[in-house]
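Visitor: Please put the model up, and then take me through its folds, cores and ring pairs.

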Amino acid sequence: MVVDQLTAEDVDGLFHALSDSTRRDILRRCGEGEPSVSQLAGSYPMSFAAVQKHVAVLERAGLVSKQRRGREQLVRTDAAAVDRARRVLDELEQTWRGRVERMSAVLRTTRGDG
Amino acid sequence: MSVTSVDKDFDNLTITLVADFDASIDRVWDLWADPRKLERWWGPPGYPATFERHDLRPGGEMVYFMTSPEGERHYGWWRVEETDPPRSFEFKDAFADENGKPKDDISPGTVRVQLTEEDGRTRMEIRSSNESREDMQMIVDMGGVEGLQQSVGQMDALLAE
């Protein structure tokens, strides 16, 4: 299972990267195309440096990578890393889904006694 | 039964799950309030839970262990923060040592359970949040076990059709 291969630091970096709404939005934009850092900077009411910092956090978490094209730095998402992040939360969801399923089973077998 | 919705909140490291049961509110409440029923569904398949202590009053504590297929015991601890039977309760949960003492190296998570009844059916909303990413890691580790067990279970069910 992919999740098992993540170290504690990996998961920490992942959640830190995803815990900010601007960074999630950057991630979403990078999934739709390959914007440059300056294009991204133009989309948010914050400084170029601040946007650059957000991109750096995403990059450290392995969620995006930067590629130089001419004078521009294009940002693209690492699909596998995004998928990995999703899987981490999917696992949590599975835990609760499993419990709900078993709760229903208990309700079925105890029908009428409560 | 059906899980109606699942919402994952990255900002607050929270999962909100809504499920509908074809049962009265009292019977769904009983799944939490009766330790013998609780231990039939809390642990993932192959890891049955045994509740040694169970006190569903405000300030009350629960101590349980889950037994692995190899016979290893994994202890857990809850402290009930507030309760309004049969409608809601909230508890802190953490991993514990074999004496049922919560491990203090990670901050406890919070689980809020809310039940509402309509036309003899009961809606359960679970909000499970964690204050630190370390907790998430632990839970993901446990969840990883669960996810695997469950997919195996589902495969079995498909094969039996």
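What follows is a set of questions and answers on this model.

Guide: This is a predicted model, in which local features need pLDDT of at least 70, side-chain atom pairs count only at pLDDT 80 or more, and totals for chains, interfaces and linings use all residues. Residues are numbered from 1 along each chain as its sequence is written, chains are lettered from A and ligands numbered from 1 in the order in which they are written, and side-chain values use heavy atoms, with hydrogens and water left out.

Visitor: Which pattern do the elements of chain A follow along the sequence?
Guide: Helices (H or I, at least four residues) and strands (E, at least two) are DSSP runs, numbered from the N terminus. Chain A has 5 helices and 2 strands. Read along the sequence, their pattern is α-α-α-α-β-β-α.

Visitor: From the N terminus on, how do the elements of chain B run?
Guide: The secondary structure of chain B comes to 3 helices and 8 strands. From the N terminus on, the elements run β-β-α-α-β-β-β-β-β-β-α.

Visitor: What percentage of the residues of chain B count as buried?
Guide: Buried means under 20% relative accessible area, exposed over 50%, and partly exposed in between (1.4 Å probe, protein chains only). For chain A, with 114 residues, the buried share is 41%. For chain B, with 161 residues, the share is 45%.

Visitor: Among contacts in chain A between residues at least 6 apart, what share joins residues at least 24 apart?
Guide: A contact means heavy atoms within 4.5 Å. In chain B, residues 24 or more positions apart account for 36% of the contacts with a separation of 6 or more. In chain A, among contacts between residues at least 6 apart in sequence, the share joining residues at least 24 apart is 53%.

Visitor: How many residues are in the largest nonpolar core?
Guide: A nonpolar core is a set of buried Ala, Val, Leu, Ile, Met, Phe, Trp, Tyr and Cys residues joined through side-chain atoms within 4.5 Å. In the largest one, the residues with the most contacts inside the core are Trp32(B), Trp42(B), Trp78(B), Val113(B) and Met124(B). Apart from it lies another core, of 17 residues, including Ile26(A) and Tyr44(A). The largest core has 33 residues.

Visitor: What kind of aromatic pair do Trp29(B) and Phe89(B) form?
Guide: Rings of Phe, Tyr and Trp (its six-membered ring) pair if their centres lie within 6.5 Å; planes under 30 degrees apart count as stacked, over 60 as edge-to-face and the rest as tilted. By this rule there are 16 aromatic pairs over all chains. For Trp29(B) and Phe89(B) the centres are 5.5 Å apart and the planes at 80 degrees, so the pair is edge-to-face.

Visitor: How many residues apart in sequence are the parts that the Trp29(B) and Phe89(B) pair ties together?
Guide: Both Trp29(B) and Phe89(B) are buried. Trp29(B) lies in helix H1 (residues 25-33) of chain B and Phe89(B) in strand S6 (residues 88-96) of chain B, so the parts tied together are apart in sequence by 60 residues.

Visitor: Where in chain B is Trp78(B), the partner of Trp32(B)?
Guide: Trp32(B) and Trp78(B) form a tilted pair, 6.2 Å centre to centre, with 50 degrees between the planes. Trp32(B) is buried, and so is Trp78(B). The pair links distant parts of the chain, 46 residues apart: Trp32(B) is in helix H1 of chain B, and Trp78(B) is in strand S5 (residues 73-84).

Visitor: Over the ring of which residue does the charged end of Arg99(A) sit?
Guide: A charge sits over a ring if NZ of Lys or CZ of Arg is within 6 Å of the ring centre and within 35 degrees of the ring normal. Arg73(B) lies over the face of Phe65(B), at 3.9 Å from the ring centre. The charged end of Arg99(A) is 4.6 Å from the centre of the ring it sits over, that of Trp96(A).

Visitor: Over how many bridges do S2(B) and strand S8 of chain B pair?
Guide: Two strands pair if DSSP finds at least two bridges between them. Strand S2 (residues 14-21) of chain B has 8 of its 8 residues buried, so it is largely enclosed by the rest of the structure. Strand S1 (residues 2-9) of chain B and S2(B) pair in the antiparallel sense over 7 bridges. S2(B) and S8 (residues 121-129) also pair in the antiparallel sense, over 8 bridges.
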